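Thanks, everyone, for making the time.

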Amino acid sequence: MKNKVPLLFLLFALTALFLGMLFGLTASLQYLLPEFLKETVPFSKLRPFHVTSETSWIVLAATGSIYFFIASVEKFELFSPKFQLLHFILFLLTGVAIYFSFAFDYTEGREYFAFKPILMIPILIGWVLFAINYFKTLYTNMKGWPVYYWMWGTGIVFMCYHLMEAHFWLFDFFRLNFIKDFAVQWKSTGSFTGSWNMLVYGISIYLMSEIKKDTDVATNKIAFFFYFLGLTNLMFGWAHHTYLLPTQPWIRYVAYAISMTEWIVLASIIYNWKRSVLKIEKENHPMAYRFLLATDFWIFINIILALLFSIPAINFFTHGTHVTVAHSMGTTIGINTTILFSALFFIAHYVRPQLKTDTKWVKRGFVAFNISLFIFFVSLIIAGAKRSYWMYVSKEGSFAEMQDSIVPYYISFFIFGIGIFISLLIVATPIFKVLLHKIKS
Amino acid sequence: MVSNPRPYIFIMAVLLALFGFYNYIIYNTDGYVAVEKLSPVAVQGQQLFQSNRCWSCHQLYGLGGYLGPDLTNVYSAEGKGANYIKAFLNSGVKSMPQFHFTEEEKEALVQYLKQVDETGIYPNYDAEIEATGWVKIKYRNEE
Ligand code: HEM
């Protein structure tokens with residue numbers, strides 16, 4: 001294997017993941033000790049560091065995996081290895097620039113993209129290079145394209161679009177009209193998430209078909225049905241983030257109707273529960289397989305939560321509380337991160353077939369990770385429910401008193417956050433070793 | 001099984017056309033209640049709100065970070081308002097750091113929050129929850 005750029009992407013992604021968790025832990029400490037660190041690194045400084053690092057982990061790990069699958073596993077000849085290298089260098093330099101921009105308070109941007117807006121330009125160029133490389137490499141004939149090729153292509157194109165849309169506020173046409181501007185801001189971030197989900201879910205289907213050695217999961221009509229359903233939600237479902245914003249009601253009606261189609265996804269998960277359990281080829285990919293099982297579980301939990309609060313009557317009470325954070329981290333960690341770890345184990349095995357991945361420690365780490373995440377998630381839900389109770393039911397006491405009453409749940413959130421960090425570090429150690437070894441060799 | 005891409009390409013084309021049309025309308029539709037455009041001073045306030053990352057602890061319409069309270073209607077809330085906002089900026093509180101804004105900057109932030117306040121209500125205590133699961137929110141012009 002000559003091309004090491006995909007592995008560099010993966011190493012870069014893992015670094016962002018672990019750095020990001022350290023930022024997240026330091027930030028959450030301020031829920032427990034509000035005065036501590038507030039003058040040196042206030043919460044408002046740490047949150048963008050955390051959120052941007054973690055979204056970068058997802059996007060970079062997905063990018064590295066996709067490059068790896070098409071070039072090294074499927075053995076397509078990459079249209080331009082130079083573009084790929086340039087893509088990596090651009091992202092690496094921009095990543096460093098973003099950290100500098102956060103550290104020195106050049107944060108003119110908005111939530112999720114708080115850095116200097118100009119840094120969006122190299123990011124966009126990187127995505128365009130990826131798009132050219134991807135389509136030029138794969139587009140000879142779309143006949144027989146399995147669903148994951150569609151998903152990756154869609155993810156890349158929509159990523160470009162929504163990253164631009166997230167910066168429409170730079171134009172007065174949007175900016176001067178607060179409600180429209182705010183709606184478009186949350187439209188873009190919702191669909192940005194939808195775009196990376198296209199990349200990551202595509203990876204999960206790819207892994208399933210590879211681990212099972214069964215291409216049917218990626219080519220049958222049902223797979224395409226769910227792909228188009230997901231795309232419809234990406235395009236039109238975002239407004240469930242803004243049910244309480246005084247936009248035109250039709251925008252919210254559309255979002256309500258579209259969001260409810262996800263019940264079909266839930267029904268199909270329950271219906272297919274037994275069949276979806278992968279049986280074959282576990283021996284070769286024990287950890288990749290386990291992580292996909294964990295994904296199944298987390299999808300189930302998160303989809304129920306998401307479906308419930310996509311109902312405006314329930315959203316009314318959960319919106320603006322930590323229930324939303326439980327959803328964000330429940331999905332980014334429970335679903336995206338588990339799929340990406342499955343991909344990492346698959347790739348590690350591919351790079352070094354003799355590697356034994358399911359060692360005692362890795363298995364323990366895996367179990368500890370899931371348990372920690374569960375308690376972390378439940379703590380956030382309880383914290384959110386208590387805030388909601390204060391907002392809508394008791395309406396008594398100040399904001400600070402309400403926050404103080406939630407401290408026990410913030411403590412368990414913090415402790416099990418440490419649990420997630422340590423357990424993932426244990427799980428990731430063999431992957432780090434393989435990547436470093438291969439990159440150096 | 002080799003899948004025939006033609007129907008999929010067709011579905012994709014239809015979805016993209018709908019998406020284009022939908023975006024066009026969204027980008028050209030104002031909020032439900034007619035309000036004044038942000039004034040130049042309010043825009044300056046908004047930029048300060050961004051550069052100082054106020055949104056990472058505070059919410060507007062429930063969107064933002066969650067360490068601090070929502071600010072949508074802090075301007076018009078009983079017992080709050082311009083001086084209340086400025087006092088917090090001067091002193092900081094609990095995990096909120098002390099900011100060192102000039103008087104002009106504080107005024108810009110207040111103007112921004114004032115104009116946000118005029119766009120609507122959050123939390124929307126008088127919203128009607130319907131049996132269909134729909135929530136009919138109350139707008140500023142219905143007060
Ligand atoms: C060590 C574990 C972690 C801790 C302690 C932690 C802590 C936090 C904190 C304190 C916030 C801000 C919540 C607020 O505004 O009140 C947050 C937000 C967020 N975190 Fe984490 N985090 C951890 C791991 C992760 C990981 C691994 C990911 C993704 C893979 C992630 C993704 C996010 C996202 C997307 C948000 C934004 C939530 C929103 O805007 O609704 N976090 N996290």
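I will begin with the iron site, go on to one of the helices that supplies a ligand to it, and finish with the cavities.

Please keep in mind throughout that this is a predicted model, and that the values I quote are computed from it.

Let me start with the iron atom of the ligand, which is coordinated by A:His50 through NE2 and by A:Met329 through SD, at 2.0 to 2.3 Å. These two residues come from distant parts of the chain, since A:His50 sits in helix α2 of chain A, residues 43–73, while A:Met329 belongs to helix α15 of chain A, residues 322–351, and the two are 279 residues apart. What is the arrangement of the donor atoms around the iron? There are 6 of them, and because they subtend angles of 86 to 179 degrees, the arrangement is octahedral.

After α2(A) comes A:Lys75, whose phi is positive, near 60 degrees.

That brings me to the cavities, of which the structure holds 4 of 30 Å³ or more. The largest has a volume of about 150 Å³, and among the 14 residues that line it, those closest to its centre are A:Phe182, A:Gln185, B:Phe49, B:Trp55 and B:Leu60. Two or more lining residues come from each of α7 (178–212) of chain A, and α2 (40–51) and β2 (63–64) of chain B, with α7(A) giving the most, namely 4 residues. By class, this lining has 8 nonpolar, 4 polar and 2 charged residues.

The second largest cavity has a volume of about 60 Å³, and its lining includes A:Trp238, A:Gln248 and A:Ile251 from chain A, together with B:Ile26, B:Thr29 and B:Asp30 from chain B. Which element gives the most to this second lining? Here again it is α7(A), with 3 residues, and the lining divides into 5 nonpolar, 4 polar and 2 charged residues.

Note on methods. Residues numbered from 1 in each chain as written. Chains lettered and ligands numbered in written order. Predicted model: local features only at pLDDT ≥ 70, side-chain atom pairs only at ≥ 80, totals over all residues. Heavy atoms only, no water. Donors = N, O, S within 2.8 Å, 3.2 Å for Na, K, Ca; no water. Tetrahedral: all angles 85-135°; square planar, octahedral: opposite > 155°, others 65-115°. 1 Å grid on protein atoms, 1.4 Å probe; cavity = no way out; pocket = protein on both sides within 12 Å on 5 of 7 lines; lining within 4 Å. Points joined across faces, edges and corners; volume = space filled by probe spheres on them. Nonpolar A, V, L, I, M, F, W, Y, C, P; charged D, E, K, R; others polar.
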